[in-house]
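Please read the following report alongside the sequence and the model, turning to each region as the text reaches it.

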Amino acid sequence: MNAINWFEIPALDLERAFQFYTSVLHGNVRKGTFGNGELILFNVPFNTGEAVGGSIVVREDLKPTTDGAVIYLNAFGKLSSAVEKVESAGGKTIIPEMNLGKFGFAAIIIDSEGNKIGLLSDEQ
């Protein structure tokens with residue numbers, strides 16, 4: 001069982017966030033709905049014990065930030081390939097690459113909405 005079951009990344013502009021994450025994560029996101037609202041979902045097998053589910057949402061009570069917890073997202077392939085796309089997709093790279101030894105490689109970015117996000121991969 002995962003310690004985390006669900007997370008939400010705040011966005012100000014859902015379409016801009018969709019374009020950013022589609023580019024950086026190689027298309028591994030999709031649009032969805034929940035109740036009366038739209039959201040962006042990550043293409044992972046949620047509720048199977050294999051992955052944690054999450055979304056990108058526009059909500060009045062959530063604001064993008066670089067303070068607080070950092071969520072690390074799967075880079076879906078080589079870390080360098082994802083990081084290369086960050087700036088052209090409207091984000092900023094803070095730490096381009098960290099070698100985490102047996103845990104792989106990570107980078108820290110600011111997404112198109114102003115959130116500090118980590119990217120993680122087994123491949124450099």
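In this report a residue is called buried when its relative accessible area is under 20%, exposed when it is over 50%, and partly exposed in between, with a 1.4 Å probe and protein chains only. Helices (H or I, at least four residues) and strands (E, at least two) are DSSP runs, numbered from the N terminus. The model is a predicted one, in which local features need pLDDT of at least 70 and side-chain atom pairs count only at pLDDT 80 or more, while totals for chains, interfaces and linings use all residues. Residues are numbered from 1 along each chain as its sequence is written, and side-chain values use heavy atoms, with hydrogens and water left out.

Strand 7, made up of residues 105-110, is mostly covered, since 6 of its 6 residues are buried. Phe-105, Ala-107 and Ile-109 point to one side of the strand, whereas Ala-106, Ile-108 and Ile-110 point the other way, and all of them are buried.

Two strands are said to pair if DSSP finds at least two bridges between them. Strand 7 pairs in the antiparallel sense with strand 6 (residues 92-99) over 5 bridges, and Ala-106 in strand 7 is the bridge partner of Met-98. With strand 8 (residues 116-121), strand 7 again pairs in the antiparallel sense, here over 6 bridges, and Lys-116 in strand 8 is the bridge partner of Ile-110.

| Hairpin | Residues between the strands | Glycine with positive phi |
|---|---|---|
| Strand 6 and strand 7 | 5 residues | Gly-101, about 65° |
| Strand 7 and strand 8 | 5 residues | Gly-114, near 105° |

An open sheet of 4 strands has the order 1-4-3-2, with mixed pairing. Strand 1 (6-10) and strand 2 (29-34) stand at its edges with a single partner strand each, so one side of each is left without a neighbour in the sheet. From one strand to the next the twist averages 35°. Strand 1 runs parallel to strand 4 (residues 53-57), and 5 bridges join the two; within this pairing, Glu-8 stands opposite Ser-55 in strand 4.

Is Ser-55 buried or exposed? Ser-55 counts as buried because its relative accessibility is 0%. Leaving aside residues up to four places away in sequence, Ser-55 touches Trp-6, Phe-7, Glu-8, Ile-9, Leu-39, Ile-40, Leu-41 and Phe-42, where contact means heavy atoms within 4.5 Å.

By contrast, Asp-61, found in the loop between strand 4 and strand 5, counts as exposed because its relative accessibility is 54%. Asp-61 is 51 residues from Pro-10 in sequence and 9.1 Å from Pro-10 in space, C-alpha to C-alpha.

**Two helices in contact**

Helix 1 (residues 14-24) and helix 2 (residues 79-86) pack at an angle of about 145°, with their axes 8 Å apart; the axes are lines fitted to C-alpha atoms over the stretch in contact, and angles run from 0 to 180 degrees between N-to-C directions. Phe-20, Ser-23 and Val-24 in helix 1 meet Ala-82, Lys-85 and Val-86 in helix 2. By class, this contact has 4 nonpolar, 1 polar and 1 charged residues.

**The two largest pockets**

On a 1 Å grid over the protein atoms alone, a pocket is an open set of points where a 1.4 Å probe fits, with protein on both sides within 12 Å along at least five of seven lines, and lining residues have an atom within 4 Å of a point. The largest pocket holds about 370 Å³ of space. Its lining has 16 residues, of which Phe-7, Val-52, Tyr-72, Leu-73 and Asn-74 lie nearest the centre. Strand 5 (71-74) and strand 1 each supply at least two residues of this lining, and the largest share, 4 residues, comes from strand 5. By class, the lining has 15 nonpolar, 1 polar and no charged residues.

The second largest pocket has a volume of about 160 Å³, and the residues lining it include Trp-6, Glu-8, Ser-55 and Arg-59. Strand 3 (37-42) is one of the strands that each supply at least two residues of this lining, and strand 3 gives the most, with 3 residues. This lining divides into 5 nonpolar, 2 polar and 3 charged residues.

Conventions. Points joined across faces, edges and corners; volume = space filled by probe spheres on them. Nonpolar A, V, L, I, M, F, W, Y, C, P; charged D, E, K, R; others polar.
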